[in-house]
Amino acid sequence: GDSSGSIRSILRQLKWDVNESEIITGSELELIKEDQLYNIIKNKIIFARLLPQQKLRIIKSLKGQKIYTAMIGDGVNDIPAIKESDIGIAMEEGSKSTKEIADIVLLKNQFSLLPEIFNEGTKIVNTSDAVSKLFLTKNFMVVFITLFSLIFVREFPLTPTRISFFNIFAIGFPAFLYTAINKNCSVKRNFFFEVISFVIISSLVIVLFGYIGEIVAKHFFSISRNDIQLLLLAIFLLTTIFNFIIIVSDSPEREKKIYIAYPGMFALLNIILVTFPLHLKLIYYLKIFYDVDYIDTRLWLIIIPVSLVGSIVLLLLQKLRQKLIKKTLGFLS
């Protein structure tokens, strides 16, 4: 609403120099045809002396290009643009009608709250993204294992209690840990496609390398049905834990160190439970409760390298997936 001169004067105090070519007034905007409007808007910084319908026109043009928009205002003349924008923001001292239709009202007119608001929203989205990937990876794993069992007419390899063990230590605790300390404010687009593409690749790779481990073990050793199930469980667990590291790889350094410490502690617990036939009461009851038994030491010669190769393949495929998303769909993951 102000003149371009007033706006430039304020910007100069902020040490922000704006060229004359980056300024447009409402009367100039009125002469621009609709098919040229977006190109003009994206090259301008100051929009001076705008009428309510001109503000609305700018918002619609941006939304027509699938650009998320936010509009801040305090007066009745800002209502059409605030209502049309993706996020409408009103000042506390603004008109009552403006505050009623806005999505956010800035208490005490503090603009400094906006970054905190948007960062908090982004953290919530990133938490949902990570937790969804963890839980859906397990669900898709069960689907793929079931299909494999049906196609090749074989027994489902995991008992319900062993799936519970998997759920708690490979899904539940990592999800709780991430939710508790997540500070990741990086922006991710196309939530559904990002999650589904990640989950399908991860679950398929984890299941395939579990069965590769089984094939290799049967080739070299004579092993029981219980040994096969425990071998599969161990490979599934170790590769799923590495999958968690991939999920949190874009987190801030401080949080990332905590996340990486969890797989180490879990691996130690896993080794204690399934490697050493200890008779301590706590270990004994955990083994009984989760139906986890001693794994033949020879099988670790297969479990560790197969899990390691599976984790590397998983990492490479997920990096390739991210590049393909950026290249073909133009989404930022």
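1. Two rings of Phe, Tyr or Trp (its six-membered ring) form an aromatic pair if their centres lie within 6.5 Å; planes under 30 degrees apart count as stacked, over 60 as edge-to-face and the rest as tilted. By this rule, a search of the whole structure finds three aromatic pairs. In Phe-140 and Phe-144 the ring centres are 6.4 Å apart and the planes are at 55 degrees, so this pair is tilted.

2. A word on the source: this is a predicted model, in which local features need pLDDT of at least 70 and side-chain atom pairs count only at pLDDT 80 or more, while totals for chains, interfaces and linings use all residues. Residues are numbered from 1 along each chain as its sequence is written, and side-chain values use heavy atoms, with hydrogens and water left out.

3. The protein chain has 13 helices and five strands. Here helices (H or I, at least four residues) and strands (E, at least two) are DSSP runs, numbered from the N terminus. Of the 333 residues in the protein chain, 40% are buried; buried means under 20% relative accessible area, exposed over 50%, and partly exposed in between (1.4 Å probe, protein chains only). A contact means heavy atoms within 4.5 Å. Among contacts between residues at least 6 apart in sequence, 62% join residues at least 24 apart.

4. Where do Phe-140 and Phe-144 lie? Both are in helix α7 (residues 113–151), four residues apart, which is about one turn of the helix. Phe-140 has a relative accessible area of 25% and is partly exposed. Phe-144 is also partly exposed, at 21% relative accessibility.

5. The rings of Phe-148 and Tyr-211 are stacked, because their centres are 4.0 Å apart and their planes are at 20 degrees. Phe-148 lies in helix α7 and Tyr-211 in helix α9 (residues 191–220), so the pair ties together parts that are 63 residues apart in sequence. Are these two residues buried or partly exposed? Phe-148 counts as partly exposed at 25% relative accessibility, whereas Tyr-211 counts as buried at 5%. Phe-148, Phe-152 and Tyr-211 form one aromatic cluster.

6. A charge can also sit over a ring, and the rule is that NZ of Lys or CZ of Arg is within 6 Å of the ring centre and within 35 degrees of the ring normal. The charged end of Lys-133 sits over the ring of Phe-198, 4.6 Å from its centre.

7. Helix α3 (residues 34–42) and helix α4 (residues 52–64) have axes that come within 10 Å and cross at roughly 90 degrees. Axes are lines fitted to C-alpha atoms, for helices over the stretch in contact, and angles run from 0 to 180 degrees between N-to-C directions. The two helices are therefore roughly perpendicular to each other (65 to 115 degrees; under 35 is roughly parallel, over 145 roughly antiparallel and the rest oblique). The contact is made by Glu-34, Leu-37, Tyr-38 and Ile-41 of α3 and by Arg-57, Ile-58, Ser-61 and Leu-62 of α4. These residues divide into five nonpolar, one polar and two charged (Ala, Val, Leu, Ile, Met, Phe, Trp, Tyr, Cys and Pro count as nonpolar, Asp, Glu, Lys and Arg as charged, and the others, Gly among them, as polar).

8. Most residues other than glycine have a negative phi. Arg-49 has a positive phi, near 55 degrees, and is placed in the loop between β2 (46–48) and α4. Arg-49 counts as exposed at 53% relative accessibility.
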